[in-house]
Amino acid sequence: MNQKGLVANMLWLASSKYPDDCGNEPRLSLAAWAQCFLDNFATVKEAVAAFRSHPFCVVSDRMPGINRYTTLHLSIFDAQDNSPIFEYISGRLSFMKVAITRS
């Protein structure tokens, strides 16, 4: 969680597949994905808008001692109860909006 109340969670997603070729997009290590959002944004709206206007390519690497890539997706949550999930499926980024209900 950052000072503005934005929360980031990295969650395992076995079906994740990151791009094989990022083209001209800047690359970002999977290990720094959540921190990038926490360092730069206060709300989900800001994060999504920035990511859409200046996309970057998340890259993974093999886990130590195993012939398998780390496969995660990222959820963020803000003080206004906005909560998307960012996933790489078949090498393409998708956003999934999650509805938050309070009881």
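**Close-up 1. A disulfide joins C22 to C57, with 2.0 Å from S to S.** A disulfide here is a pair of cysteine sulfur atoms within 2.5 Å, and by this rule the count comes to one disulfide. C22 sits in the loop between β1 (7-12) and β2 (27-29), while C57 belongs to strand β3 (residues 57-59); the pair links distant parts of the chain, 35 residues apart. Strands (E, at least two residues) and helices (H or I, at least four) are DSSP runs, numbered from the N terminus. The link of C22 and C57 is left-handed, with -55° about the S-S bond. Both C22 and C57 are buried: buried means under 20% relative accessible area, exposed over 50%, and partly exposed in between (1.4 Å probe, protein chains only). C36 is in no disulfide; the nearest cysteine sulfur, that of C57, is 13 Å away.

The model is predicted: local features need pLDDT of at least 70, side-chain atom pairs count only at pLDDT 80 or more, and totals for chains, interfaces and linings use all residues. Residues are numbered from 1 along each chain as its sequence is written, and side-chain values use heavy atoms, with hydrogens and water left out.

**Close-up 2. Helix α2 (residues 44-53) has V44, A47, V48 and F51 buried.** Seen down the axis of α2, its buried residues fall within an arc of 95°, so they line one face of the helix. The arc is that of the directions from the helix axis to the C-beta atoms.

**Close-up 3. D81 has a positive phi, near 65°, and is not a glycine.** D81 is in the loop between β4 (72-77) and β5 (83-89). D81 is partly exposed, with a relative accessible area of 26%.
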